[in-house]
Amino acid sequence: MKTDSRKRLAWILYSTFVLAVFMSTGPGVLLVNRPTLFLGVPMIYAWAVFWYLVQSAVVILAYLFVWRGADTSRDPAT
Amino acid sequence: MSTLVLSEIIHEKQTFIACIVIVVYLLMLLALGFVGYLKSKGGEEDYYLAGRDQGWFISSLTIMATFFSSFALLGAPGMVYREGIVFALVSLNVPIAGLSIYLLGGRIWRLGRHRGYVTPADMICDYYGSKVILRLLVAMTGFLFAIPYVMMQIKAGGELSAVLFRDYEHAFEIGCIVLAAIIAVYIMVGGMRSVAWTDAIQCILLGAGIVLGGVAMVVSFGGPAQFSQAISSLPESSLTVPGNTGFWQLPMLFSICVLMPLGGIIQPAQWIRFYSARNLEVLRRGSVLFTVLLTALFLFGITFVGLGGQVLYPLLTAVDGSVMPAAEVGSFDQILVIVINDNLPLVLGETIGWTLASLVVVAIMAAAMSTADSNLHSLAAVATRDIYDRFIRPQASENERVWIGRFVIMAATIFSLFLVLAGRQEGSSLAGLMQMIVALALFAVAFVVQILPLTIDILYIRKGTSWGASVGLLAGLLTAFCFTSLFPPCVDALGWPILHQIQNLVAQCKTAMPMHAMAWGLVPNIALFVLVSLVTPRVPAQRREAFAKLVNLKEEL
């Protein structure tokens, strides 16, 4: 992957991660802070699982397409 | 046969199985300590960094085990049991730590590899050119982190022992002493290699213990649907933020979730693990494993145990309105052990159930030991390299320094053990802090988080100065301390009017913005770091450029 594309992807991924932090443990919690169920589980729990999946996806994609190419003299992705 | 005699026989059998499993595990740890000693090549770099040659599997497991600690298997379920579902959100601090393994750890590795660093202060003082003040402050920060963290683990050993051997009067104390002794011996003998190998095994046990706990909980309810139905009938406060006691208000939740993982990752023990990695791929993979696997263990194991515990052992409300554990639970931190001991035999039959319950107990011990050994080991490195080598005997040989490190391990273990046992006494000023394992963890992290600004400056910004870093760090440590539960007893003991005024100011700040001490410490830390850096001499351009080049250096494939 070219350097510019990699940098752009890195910014998108890290911004998504920061958004996930604010939504999951920051002000975003106020959107879902009620004792109701979502798909049979408490709403807060479902919210936590959703943002966990988002953050995991960010880290996996960063590993595959950003970090290895940035660290090595020969980009293994190309 | 009477019911009383039968229950005594059952309890004796259970205790016997637990003893066998625990003894076998502890002997295995001592054996690994000895093997580590046989494989050692001598010298500091081998004793503290395993020759900078740790592969990705062992590195990943030791990083996870060091992060996890007894917090994961006792403190966290205890917090879920006390507060409810809000802790599922707290679990999301783990991905932040995972990402930091690469974003911070990767750069720390590069600098350590090329400049031969062993401790955090090696890097910090080399960059800022500070020979004395900053080195002492960073070393002190490491000490302030390590001791409470080690205390936490020793306490966990005592808590376990108190549940398993509840008929014995001094079970807690004996448990503490045995755990502390075993840890000290295998670290002193085997160094980093033994620490990493035992960490790897402990991490696997830890993960298995969490999975077993979560599965046992769901199965004991009759399946996921029944479990979910039971959970949904909990009181409103258990299913919402800020939780049953009101502790997890949004500013507190956010500040802890962001700062606690960062503090957990830049603690000296993890820093040393970054230096120890064979290459960057170790840390890249570690980052992914940590984020995906560890968070899942929290969300799908620990959370289930605590919530199920609330259903099975409903919380009580004290006369003053505070939340208390059920009578049969005793202390919040014991919920996992109680749940496992009571439910696994019912679900799986007595012998298999107790054996697996004993394995979970071993997993808890593993969690405690994996963190205690890492922190004691890193404390030895800090005390030897940053204090003894620099200020006491610079001419000391490597062999002498390694032996000093061993002495530090023994002394720190004994000191921590003393504080744990003293904290159990009536009227002890440590009693409040010792009540819950989570409280100790947060206390420890409040201090180590204060080196975050200068760490980020060195790795990414490079505009701070030595004076800025020193003043900021000192202000951060003092402020953080003022916001901890140990400050009021100090105020009472010293009785100085100015301390009372500070205490009042702290109370007002907490009311206005209920953040954790770690966040409050960062406020003056960052402010003074920036302001003082603006008016003091900068780090020489040559050094800044050298570091900038190194942190971005590419590996050759």
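Trainee: Which residues does R543(B) touch, not counting residues up to four places away in sequence?

Mentor: This is a predicted model, so read what follows as features of that model. R543(B) touches D126(B), Y127(B), Y128(B) and G129(B), with residues up to four places away in sequence left out. R543(B) itself is found in helix α24 (residues 541-551) of chain B.

Trainee: Why is R543(B) classed as partly exposed?

Mentor: The class follows from relative accessible area: under 20% is buried and over 50% is exposed. R543(B) is partly exposed because its relative accessible area is 24%.

Trainee: Which backbone oxygen atoms does the side chain of R462(B) reach?

Mentor: The side chain of R462(B) reaches the backbone oxygen of I458(B) at 3.1 Å, and that of L459(B) at 3.1 Å. Beyond four places in sequence, R462(B) touches several residues, including Y127(B), R538(B), R544(B) and F547(B). Y127(B) is therefore a contact of R462(B) and of R543(B), each by the 4.5 Å cut-off.

Trainee: How many residues of helix α6 of chain B are buried?

Mentor: Eight of its eleven residues are buried, and the helix, residues 105-115, is mostly covered. Among the buried ones are R107(B), W109(B) and R110(B). Just after α6(B), G116(B) takes a positive phi of about 75°.

Trainee: What area is buried between chain A and chain B?

Mentor: Interface size is often given as the accessible area lost when the parts come together. Here the figure is about 3,500 Å², with carbon and sulfur atoms giving 73% of that area. Elements giving two or more residues to the chain A side are α1 (3-25), β2 (41-42) and α2 (43-71) of chain A. α2(A) gives the most, with 17 residues. The residues on that side divide into 24 nonpolar, ten polar and four charged.

Trainee: How many salt bridges and how many residue pairs in polar contact are there between chain A and chain B?

Mentor: The salt-bridge count is zero. Five residue pairs are in polar contact across the interface, counting pairs with both residues at pLDDT 80 or more.

Terms used
Residues numbered from 1 in each chain as written. Chains lettered and ligands numbered in written order. Predicted model: local features only at pLDDT ≥ 70, side-chain atom pairs only at ≥ 80, totals over all residues. Heavy atoms only, no water. Buried < 20%, exposed > 50% of the residue type's maximum accessible area, 1.4 Å probe, protein only. Helix = DSSP H or I, 4+ residues; strand = E, 2+ residues; numbered from the N terminus. Buried area = accessible area lost by both parts, 1.4 Å probe. Salt bridge = Lys/Arg side-chain N within 4 Å of Asp/Glu carboxyl O. Polar contact = N/O pair within 3.5 Å; in protein donor to acceptor, adjacent residues only side chain to side chain. Nonpolar A, V, L, I, M, F, W, Y, C, P; charged D, E, K, R; others polar.
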